[in-house]
Amino acid sequence: MTMRKTDKDDAMIDALLQDVAKISREPDAGLMARVSADAARAPSIPVPPPARGIFAQLGEVIGGWPAMGGLAIAGVAGLWVGVAPPASVEDVAATFFGTTETVTLWDGIDILAEDGLIDG
């Protein structure tokens, strides 16, 4: 059987890998003793506590997640009442301030009815 160039290269690689497998992977005892001695002489450095983000600090000041949840719900409810107030809120506002004004943002224009925005 004739050896091609790739077979010769494979045989060389196999021989090299067998030689490498014979090498001990354990560190020298002298090296380990020197590393241990250096570690014993090293000063102890205190580890600072992990840095907290601004939102974590703000949440702690406010009162934690229960308080943050209450603030979020109150904010959403306030936005909802401000954008689409119930009729009773409009009546109370009219009683206190005298009159109410209605502003039409899209004067007679139905945006969803424009061509291309609704299929069908």
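This is a predicted model: local features need pLDDT of at least 70, side-chain atom pairs count only at pLDDT 80 or more; totals for chains, interfaces and linings use all residues.

The secondary structure comprises 5 helices and 0 strands, so the order of elements from the N terminus reads α-α-α-α-α, with helices and strands taken as DSSP runs. Of the 120 residues in the protein, 1% count as buried. The protein exposes about 11400 Å², and carbon and sulfur atoms supply 66% of that area.

How many salt bridges are there? The count comes to 2. One of them joins Asp 38 to Arg 41, with the closest N and O atoms 2.2 Å apart. Both residues belong to helix H2, which spans residues 29-41. Because Asp 38 and Arg 41 lie 3 residues apart in that helix, about one helical turn separates them. Asp 38 is partly exposed, at 43% relative accessibility, whereas Arg 41 counts as exposed, at 62%.

Arg 52 forms a salt bridge with Glu 60, and here the closest N and O atoms are 3.0 Å apart. Arg 52 is partly exposed, with a relative accessible area of 47%. Glu 60, at 53% relative accessibility, counts as exposed.

I turn now to the nonpolar patch. Which residues make up this patch? They are Ile 54, Phe 55, Leu 58, Ile 62 and Leu 71, and the patch covers about 530 Å². Helix H3, residues 54-62, provides the largest share, with 4 residues. Leu 71 is found in helix H4, which runs over residues 65-83.

Thank you for your attention.

Definitions and conventions: Residues are numbered from 1 along each chain as its sequence is written. Side-chain values use heavy atoms; hydrogens and water are left out. Patches are made of residues with over 30% relative accessible area and no salt bridge: like charges are joined within 9 Å, nonpolar side chains (Val, Leu, Ile, Met, Phe, Trp, Tyr) within 5 Å. Accessible areas come from the Shrake-Rupley method with a 1.4 Å probe; for residues, only the protein chains shown count as cover. A salt bridge is a side-chain nitrogen of Lys or Arg within 4 Å of a carboxyl oxygen of Asp or Glu. Helices (H or I, at least four residues) and strands (E, at least two) are DSSP runs, numbered from the N terminus. Buried means under 20% relative accessible area, exposed over 50%, partly exposed in between (1.4 Å probe, protein chains only).
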